Amino acid sequence: MGKPLQQTDNVFRGAHHPVVFRKNLFQPGPFLRLWNDDNPRTIEASFIWQRYAPALSHVHSFGCRTSKQRNHTRRPDKKDVYCGAYNLKVSDIRGLASIEGLSEVATADITHEVENNEIAHASLKIELDAGVHEDAIEGVKTAIVACLWRRSCGPLLHRCNVDCNLAPHPSAQLPLGPSGPYVEDRSIGMRIFYLIRFWFVYTAWKVGFFQFA
Amino acid sequence: MATSTTSKARTNTISTVAFTADTSISGSDTAATTITGGAPYGSVTTTLTGSTTSYGALSSSLNNFGAFSASFIPGTYTIGSVGHVAGTINVSVANSSINVSNGVVYLTNGAALPEISDPSDLVVASYNQLTNSLIELHGLEDGDDWKINTPVYAASIQVAAVLMEYDIPRPAVFTHGPNSVVFNWSQDQNNLYLTISKSRLSVLVSSNEGIEMRTDISDTADTDRFFSALRSVPLLGPPEK
């Protein structure tokens, strides 16, 4: 179990072509793809934690690396293209457990869990009530997606270097988030603090000075 | 190119457990036509008239020319005549691949779409595109992010048929993975989601304020009420382009 994120922290979710589009129309379901492979009542998804992606360039680098990794195993006609990211507050994610009309959600939390050597990776884990019938889980996922998408800000558009020649670039199809554009809410001093902390921790982690739990 | 003129006479019932439909397919075209897919696990009662040159085994009772009842399972069947739906529409059938679901015959060959002379046929044409999308999702490779499994495909294609029956504008489509298809209508900040899994329909209406309504459709009475209400809901926007 990783370190819980703070309530006011920001997280980001990358949008990748072609998975989030259907006939050039952005779809929130595939964007917030919720997995429940092992236990049907445990729903998971991946996010990028701002603490270890303190600048937008870090967020986008994460997205481009993810894309590159996916393309190692994909056919050229199924090429993954990172298009940008949307922002959510950790409080919005944890708030899923208390939303009226979504009583099936027992707990919702997001924790820091390094994955694929990505220091900024955070895992969303939603536990559904044990009494939720398996047939009902897909409908609950739709409700979760609708709630999270409603709180999303963005998009923060990006073109990875390898995709600069794409014309048109699919990022142009990303819609405005329902909660409006992303607004940087950290002061300049706080941003500098984030950067210094990140480089200190990142360097110490890379040289093996410590490991994350 | 051979052409047949056909008419429809059917009623639909739908439930969360089994999807059934009655239909009448008639025609006199003798060109070989392939019916692919269909309504897996659904039950179709069909009356077939006209000259049939050959046909595959929908069921053993199909060999009795005329009225038959068949349990329609996925597969490719060949018959000599074919019909279509929604009044009288000329349908070109030569070398066309068509899909039968919930008693509705869909052309999947874009070159053979019916001519549209009646405004109500616009919904039919629009739903042909939706049906094609669902066929495409079902036909994707295993592991594809948008791939849906066969029971979900069967359920979704029949729900689409019922939506068309009620003249509901075509929805946008997305998936959560192989176990469900979500039909989505949106207008302004309002969204209506219909989540279709193999044995359940879940309805969600959301707005900027949050979740406005959630319900599961559990029996035929609920289904009729839902689709009747859906028809009059003002939030239904235009279908995806």
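This is a predicted model: local features need pLDDT of at least 70, side-chain atom pairs count only at pLDDT 80 or more; totals for chains, interfaces and linings use all residues.
Let me begin with A:Arg22, which forms a salt bridge with B:Glu136; their closest N and O atoms are 3.1 Å apart. A:Arg22 belongs to strand E3 of chain A and B:Glu136 to helix H1 of chain B, residues 120–139, so this pair joins two chains. In general terms, side chains of opposite charge can pair when their charged atoms come close.

How many salt bridges does the rule find across the interface of chain A and chain B? There are 3. Besides the pair I opened with, B:Arg214 forms a salt bridge with A:Glu104, with the closest N and O atoms 2.8 Å apart. Over all chains, the structure holds 14 salt bridges.

Let me now turn to the interface as a whole. The size of an interface is often given as the accessible area lost when the parts come together. Here chain A and chain B bury about 2700 Å² between them, and 49% of that lies on carbon and sulfur atoms. Which three residues supply more than any other three of the area that chain A buries against chain B? They are A:Arg22, A:Glu138 and A:Thr142, and together they supply 24% of that area.

In residue terms, chain A brings 32 residues to the contact and chain B brings 34. The rule also finds 9 residue pairs in polar contact across the interface, both residues of each pair being at pLDDT 80 or more. On the side of chain A that touches chain B, the elements giving two or more residues are strand E3 (21–22), helix H1 (28–31) and helix H4 (137–150). H4(A) provides the largest share of that side, 10 residues. By class, the side of chain A that touches chain B has 14 nonpolar, 6 polar and 12 charged residues.

My next topic is empty space. Rolling a probe the size of a water molecule over the atoms shows where empty space is left. The largest pocket has a volume of about 1200 Å³. It is lined by 43 residues, and A:Ser46, A:Phe62, A:Thr66, A:Arg70 and A:Asn116 lie nearest its centre. Several elements of chain A give two or more residues to this lining, among them strand E2 (10–17), strand E5 (42–49) and helix H5 (188–206). The largest share, 9 residues, comes from H2(A). The lining of the largest pocket divides by class into 17 nonpolar, 13 polar and 13 charged residues.

There are also 2 cavities of 30 Å³ or more by this rule. The second largest cavity holds about 40 Å³ of space. Its lining consists of A:Met1, A:Asp109, A:Thr111, A:Glu113, A:Ser123 and A:Lys125. By class, the lining comprises 1 nonpolar, 2 polar and 3 charged residues.

I close with the backbone. Most residues other than glycine have a negative phi, and most peptide bonds are trans. Where does this model depart from that pattern? A:Asn116, although not a glycine, has a positive phi of about 50 degrees. A:Asn116 sits in the loop between strand E7 (105–112) and E8 of chain A, and A:Asn116 is also one of the residues nearest the centre of the largest pocket.

Two peptide bonds deserve mention as well. The bond from A:His17 to A:Pro18 is cis, with omega near 10 degrees, and A:Pro18 is found in the loop between E2 and E3 of chain A. A:Gly154 and A:Pro155 are likewise joined by a cis peptide bond, with omega about 5 degrees. A:Pro155 lies in strand E9 of chain A, residues 153–157.

How values were computed:
Residues are numbered from 1 along each chain as its sequence is written. Chains are lettered from A and ligands numbered from 1 in the order in which they are written. Side-chain values use heavy atoms; hydrogens and water are left out. Contact means heavy atoms within 4.5 Å. Buried area is the accessible area (1.4 Å probe) that two parts lose on being put together, summed over both. A salt bridge is a side-chain nitrogen of Lys or Arg within 4 Å of a carboxyl oxygen of Asp or Glu. A polar contact is a pair of N or O atoms within 3.5 Å; within protein, one must be able to donate a hydrogen and the other to accept it, and residues adjacent in sequence count only if both atoms are side-chain atoms. Helices (H or I, at least four residues) and strands (E, at least two) are DSSP runs, numbered from the N terminus. Ala, Val, Leu, Ile, Met, Phe, Trp, Tyr, Cys and Pro count as nonpolar, Asp, Glu, Lys and Arg as charged, and the others, Gly among them, as polar. On a 1 Å grid over the protein atoms alone, a cavity is a set of points where a 1.4 Å probe fits but cannot get out, and a pocket is an open set with protein on both sides within 12 Å along at least five of seven lines; lining residues have an atom within 4 Å of a point. Grid points are joined across faces, edges and corners, and a volume is the space filled by probe spheres set on the points.
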